[in-house]
Amino acid sequence: MRLDLREASKDISAMLLKLTDIGNASETHRRGTAEPEGPPDHLIEYAQMARADFFKFESISNVSTYYFNYIYCNIWEGDCQPHQDDASQQVPIGDMWSGFPQYYSGILRAWYCTLGQCCDSGDCRITNNLTGLERDLQVKLHGQHLVQSVVLKAIQGFIKNPDSNKPLTLSFHGWSGTGKNFVARIVADNLYRDGIKSECVRLFIAPFHFPHVRLVDVYKGQLREAIRDIVLRCPQTLFIFDEAEKLHPGLIDAIKPYMDHYDNVDGVSYRRAIFLFLSNIGGAAINEVALDFWHSGQNREDIGMEDLEHLLQAEAMEANGGFAQSELMSGHLIDFFVPFLPLEYRHVKLCAHDAYAARGVQPDEGTLDEVAKAMLYVPKEEKLFSAQGCKSIPQRINFFLP
């Protein structure tokens, strides 16, 4: 169903006029001249609050047309045209939305749902497909039994507990190519309709978004504003920090309050946010543990979180870079340190099979062996782990395609 902006704006006008009537009734009631039966006190209070915020403008018509288009385009992702010639239909720019009370966005969203535009989650952008998340982690991710278990349970628990006392913060650790970015995208794909491209998701790459140390104070303001804006726009958000070990400690400390046990920060609640930090910190330590298990004849699947999590926490505290020096570590705000194990020959073959399948090709075992053998393996003596994990597999199979 496509909504006509002008018709819908009339509906908002009527709704706001009703609020005005209620507000006027409340004033009459307070003077003792109201009818015995009137609106409930809590509705009168809400109406007065709404009037105070909404009626700073010249007319209801301007408010309803102007702001409905903004809400429709930016909150509910309607089929809008933000650059059309009609000035009354243009989307406002700047930080106007950051000043819009969260309570009223909930009221308007509830009203919008009466038009049949909402999903079971209450927001069509948010899917929270936990069944799909479990399936994708089991089927698409190879050689990472700890990740499959910890990430699924952590996110399931967070999604199912609307009264969480803090945002969920996970720290992914391991060599490049072991699946950290891949898992972050799996999470995004299953929690949000548009995956990593959702306006409820934001990916920050440390050396790309924050390259200059001398500009760290500028970056602090930009980062805080970006996170605050997305939290105001979406009832559940996902923030991914890639190469987190390269973040300046001041940057992490600038957003540390958003990950702490606060009801709100400057009137905004961040408790329904998920923060993922991806880094190579502890990669060598993880590999040593995996190699020790191999030398002792134990299966890698026998490696438990108790073998790695405290080790990773210690590595993160002692590592060079801003991630280790930040209050995020000293404040113990990371809920889980998630280890990504090094990938073996058999896992590389599975990755190659997936890469071929994505192109509609069914490879034979010989071809998969050729792809896996072309990778570099370490340590030098055992040649057990792929030095690049599965990172270059999608490109390498081009050499073996007919």
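Throughout this tour, contact, or one residue touching another, means heavy atoms within 4.5 Å. The model is a predicted one, in which local features need pLDDT of at least 70 and side-chain atom pairs count only at pLDDT 80 or more, while totals for chains, interfaces and linings use all residues. Residues are numbered from 1 along each chain as its sequence is written, and side-chain values use heavy atoms, with hydrogens and water left out.

**The whole chain**

Begin with the protein chain as a cartoon, whose secondary structure comes to 17 helices and 7 strands; helices (H or I, at least four residues) and strands (E, at least two) are DSSP runs, numbered from the N terminus. Of the 402 residues in the chain, 49% are buried, where buried means under 20% relative accessible area, exposed over 50%, and partly exposed in between, with a 1.4 Å probe and protein chains only. Among contacts between residues at least 6 apart in sequence, 75% join residues at least 24 apart.

**Ile186**

Select Ile186, which is found in helix α7 (residues 180–191) and counts as buried because its relative accessible area is 4%. Leaving aside residues up to four places away in sequence, Ile186 touches Leu133, Asp136, Leu137 and Lys140. If you draw a distance between the C-alpha atoms of Ile186 and Lys140, which are 46 residues apart along the chain, it comes to 9.0 Å.

**The nonpolar cores**

Next, colour the nonpolar cores, each being a set of buried Ala, Val, Leu, Ile, Met, Phe, Trp, Tyr and Cys residues joined through side-chain atoms within 4.5 Å. The largest has 80 residues, and those with the most contacts inside it are Ile227 and Phe241; helix α6 gives the most to this core, with 9 residues. Apart from it lies another core, of 14 residues, among them Leu343, Val371, Tyr377 and Ile397. In soluble globular proteins, nonpolar side chains tend to be buried together.

Centre on Phe241 and ask which residues it touches, not counting those up to four places away in sequence. They are Phe204, Leu223, Ile227, Leu247, Ile255, Phe275, Leu276, Phe277 and Leu278.

Move to Tyr377 in strand β6 (residues 377–378), which counts as buried at 12% relative accessibility. Among the residues that Tyr377 touches are Tyr345, Val348, Ala372 and Phe385, and its C-alpha atom is separated by 8.4 Å from that of Gln388, 11 residues apart along the chain.

Then select His142, in the loop between α5 (130–140) and α6, which is likewise buried, with a relative accessible area of 13%. Apart from residues up to four places away in sequence, His142 touches Leu343, His347, Leu350, Cys351 and Asp354.

**Helices α15 and α16**

Show helix α15 (residues 345–358) together with helix α16 (residues 365–373): they pack at an angle of about 115°, with their axes 9 Å apart. Here axes are lines fitted to C-alpha atoms, for helices over the stretch in contact, and angles run from 0 to 180 degrees between N-to-C directions. Display the side chains of Tyr345, Val348, Lys349, Ala352, His353 and Tyr356 in α15, which meet Glu365, Thr367, Leu368, Asp369, Val371, Ala372 and Lys373 in α16.

**Salt bridges**

Finally, turn to the salt bridges, each being a side-chain nitrogen of Lys or Arg within 4 Å of a carboxyl oxygen of Asp or Glu; the count comes to 16. One of them joins Asp335 to Lys166, the closest N and O atoms being 3.1 Å apart. Asp335 lies in the loop between α14 (327–330) and β5 (336–339) and Lys166 in the loop between α6 (145–160) and β1 (168–173), so the pair ties together parts that are 169 residues apart in sequence. Asp335 is partly exposed at 29% relative accessibility, whereas Lys166 is buried at 6%.

Select Arg233 and Asp229 next, whose salt bridge has its closest N and O atoms 2.8 Å apart; because the two are 4 residues apart in helix α9 (residues 216–233), they are separated by about one helical turn. Arg233 is buried, with a relative accessible area of 13%, while Asp229 is partly exposed at 22%.
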